[in-house]
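This briefing is for a reader who is new to the structure shown below. It starts with one detail and then goes through the parts by topic.

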Amino acid sequence: MIAYTDKVRQIARRLLEESRVEMVIGFRKGSQPMMNEPCFIRKAEDADKLVWDGNCGINLANYLTGRNEKIAVFAKGCDSRNIVTHIIENKVQRDKLVIVGVPCTGMIDKRLVASRTEGEIESVGENADKVVVKLSDGGSLEYDRREVLQGNCALCVHRNPVIYDELVADLVEEQTDVDRWADVREIEEMDTEQRRRFFEDLLAPCIRCYACRNACPLCYCPTCFVDESKPQWLGKGQDQIDIQTFHFLRAFHCAGRCTDCGACQRACPVGINMRLLTKKLEKDCFEMYRWEAGMTLDQRPALDTYKPDDPQGFIK
Amino acid sequence: MKVINIDQKKWTKGIETLGGTYKLIGPVAEKDFHTFKTLGQGQLPDLSFTNTRLSPKDVVFPQSEDMFVYTLDPTEEDCNILKEAPKDYSPRVILGIRPCDARAVQLVKLNFDTEQYKDPYWLRLFEATTFVGLACDEPCATCFCTSTGCGPYGEEGLDILLAKDGDGLRAKVLTSKGQELADAAGWTDTADDGGAFDKARQAAEARIVSKVKTDRLGELDTLALHGADFWEDVSFACINCGTCTYLCPTCWCFDIQDEVHGKKGKRMRNWDSCMFPIFTVHTTGHNPRGTKLQRVRQRFMHKLKYFLDKYDQGIMCVGCGRCVQQCPVNIDIRRVCDLMNSYSSENACAVQG
């Protein structure tokens, strides 16, 4: 995937030269190992700032809303599904976008690499199969790329963009042999008390920085319910019930919309896997309605349609 | 130089003894990273950390702190009277705070302890605390403390500075508060170190390879910086979360909230963040910092310009590198500082942003 960089620059340059768009949204190389920074360019000569590799995990669909320009955006499978969701929810207009699809082989989990690596990481490179870590003391290590992917990427079944105007490379083979919801089933099998304790432990480190919410392309409410003060819905302190309420309600607000892009978990500074909450809803939507978010512009989402034969077993 | 040698046995014994008089706070490994926590009986601080994910600023400035309690029950005598929330200000010691974080407390003190205003909650916790620092012999690549008036062996804000010496520790007592603690712990084995402490300091300072320049920030025109052309580029990636501000040891902003349960209420203060739109929103609904660009600019201008101009105590950053490491979108204060420091107003935008 690292070979995409040249193509990304070439496409960005052309789109700007031909005035097809006013700005291009992509990534530039970060200052930290395994980090790239979302950025925009407006001039063709700046195209060489752009990069693409396994460190582009932030969801660029999050940067498209509230803008007036005609924009080109690089979109992985998950990003493209969030763009579809944005279009369906009238947050962006299709004709204001040039979507450059990026067939994806998964993003590197920087925390996983860091936790597996003894010593300080100086830089991290990659090729098709390997992630190569260079250490400050001169040593180096290699990991099988598949073993150090973000949790959501390892289980991703929609690596190819679902909507695009052009592609940076040929489509990649989709994964079919993955068990997407093993971790959710484990939680489902717990009894109520175990589950309560599990969630308490899961969310205890939360510092309420809202990085998960703000990294999420779905969380675009002008005023989030946690910030609402007239009336106030939620306490603002470190009370665990307030913290849990934030996470649970946010997850429910993403029901039938979440693409499991992993931006929330990636953004969390204290390493909380809040995806477990959204994945449960993703699983329910799939099992009950055969619905997966953002796959098509031609169908209304599961939660804003009603069919007489919808399953109703959950109504007690 | 005279130092106190503390071998493992004396360290363990000393901590145990101190537990009788002081509340002990130290780094402990939790899940994936180290955090400063109150130590349980017999628990030793885990000194094998590089830096904690969160700064220990909450020792003197808790994320959520009760200030007052009250009752709304008319049958009670003290109905509607705000009473000070009961709190513990007994002596405590923070063991193993890094020199950058200790300096940060001093920078925060400039705000909470002024001639005009003295923040009683912050000051009482500050005064109750003895700061025992741990020098950094293995700094991270993101550490730039030697550029911020601190350094891996910085002493500002510390009562004792510890440095690792093989399996044991060397201690340099810096204040009478520190001496009192060393005596109470039975750390009295004073010896001349033959310059080893200073040598270790120099070696550690040489390991800090990340540097920023701040020399021009003071002289630059505030409005020119405010209107600089780089803010859109700097702020674009920002998602306006509170990671940088909450992890930062020098960010001190808070919000005051009342919480009422039934007839009992409390007034508390919680950390707040200039990154949040709600931070500045007026009751009219108007928000003077309504855009991401304005909020990101505010954070960097406060840290690197307004603070410097107001207090003349350097920048409001100690170079701990937490925001650099944890920013979800890799906005790097070192890059922004360099952009600001090297700014030439010839490039200034005619219209203020």
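Ile121(A) has Leu135(A), a residue of β7(A), as its bridge partner. The model is a predicted one.

- The open sheet in chain A consists of three strands in the order β6-β7-β8, and their pairing is antiparallel.
- Its edge strands are β6, residues 121-126, and β8, residues 140-144, each of which pairs on one side only.
- From one strand to the next, the twist averages 20 degrees.
- Five bridges join β6(A) to β7(A), which covers residues 130-135, in the antiparallel sense.
- β6(A) and β7(A) make a hairpin, with three residues between the two strands.
- β7(A) also pairs with β8(A), again in the antiparallel sense and over five bridges.
- Across this second pairing, Asp144(A) in β8(A) stands opposite Lys130(A).
- The hairpin of β7(A) and β8(A) has four residues between its strands, and Gly138(A) in this hairpin takes a positive phi near 100 degrees.
- As background, side chains in a regular strand alternate between the two faces of the sheet.

**Chain A as a whole**

- Chain A contains ten helices and nine strands.
- Why does chain A count as being as compact as a globular protein of its length? The radius of gyration of chain A is 20 Å, and the globule rule gives 20 Å for 316 residues, so the two values are close.
- The C-alpha trace of chain A spans about 60 × 50 × 45 Å along its principal axes.
- Of the 316 residues in chain A, 41% are buried.
- Taking the contacts in chain A between residues at least 6 apart in sequence, 65% join residues at least 24 apart.

**Domains of chain A**

- Chain A is divided into domain 1, made of 1-105 + 158-177, and domain 2, made of 179-305.
- The centres of these two domains of chain A, taken over C-alpha atoms, are separated by 25 Å.
- In the contact between them, domain 1 of chain A supplies 17 residues and domain 2 of chain A supplies 15 residues.
- On the side of domain 1 of chain A that touches domain 2 of chain A, seven residues are nonpolar, seven are polar and three are charged.

**Chain B as a whole**

- Chain B has eleven helices and twelve strands.
- The radius of gyration of chain B is 22 Å, which is close to the 20 Å that the globule rule gives for 353 residues, so chain B is as compact as a globular protein of that length.
- Along the principal axes, the C-alpha atoms of chain B fill a box of roughly 65 × 65 × 40 Å.
- Buried residues account for 44% of the 353 residues of chain B.
- Among contacts in chain B between residues at least 6 apart in sequence, 72% link residues at least 24 apart.

**Domains of chain B**

- In chain B the domain assignment gives domain 1 as 2-54 + 87-207 and domain 2 as 222-347.
- The centres of the two domains of chain B lie 28 Å apart, taken over C-alpha atoms.
- Their contact takes 20 residues from domain 1 of chain B and 17 residues from domain 2 of chain B.
- The side of domain 1 of chain B that touches domain 2 of chain B has twelve nonpolar, six polar and two charged residues.

**Ala206 in chain B**

- Ala206(B) is part of helix α5 of chain B, which runs over residues 196-207.
- Is Ala206(B) buried or exposed? Ala206(B) counts as exposed because it has 10 C-beta neighbours inside 10 Å.
- Ala206(B) and Pro152(B) are 54 residues apart in sequence, and their C-alpha atoms are 9.7 Å apart in space.

**The contact between chain A and chain B**

- Chain B gives 32 residues to the contact and chain A gives 33 residues.
- On the side of chain B that touches chain A, the elements giving two or more residues are α8 (243-247), β11 (254-261), β12 (264-271) and α10 (322-326) of chain B.
- By class, this side of chain B has 15 nonpolar, ten polar and seven charged residues.

Definitions and conventions. Residues are numbered from 1 along each chain as its sequence is written. Chains are lettered from A and ligands numbered from 1 in the order in which they are written. This is a predicted model: local features need pLDDT of at least 70, side-chain atom pairs count only at pLDDT 80 or more; totals for chains, interfaces and linings use all residues. The radius of gyration is taken over C-alpha atoms; the globule rule is 2.2 Å times the number of residues to the power 0.38. A residue is buried if 20 or more other C-beta atoms lie within 10 Å of its own, exposed if 12 or fewer, and partly exposed in between; C-beta atoms are placed from the backbone. Two residues are in contact if their C-beta atoms, placed from the backbone, lie within 7 Å. Two strands pair if DSSP finds at least two bridges between them. Axes are lines fitted to C-alpha atoms, for helices over the stretch in contact, and angles run from 0 to 180 degrees between N-to-C directions. Ala, Val, Leu, Ile, Met, Phe, Trp, Tyr, Cys and Pro count as nonpolar, Asp, Glu, Lys and Arg as charged, and the others, Gly among them, as polar. Domain bounds come from an automatic or database domain assignment.
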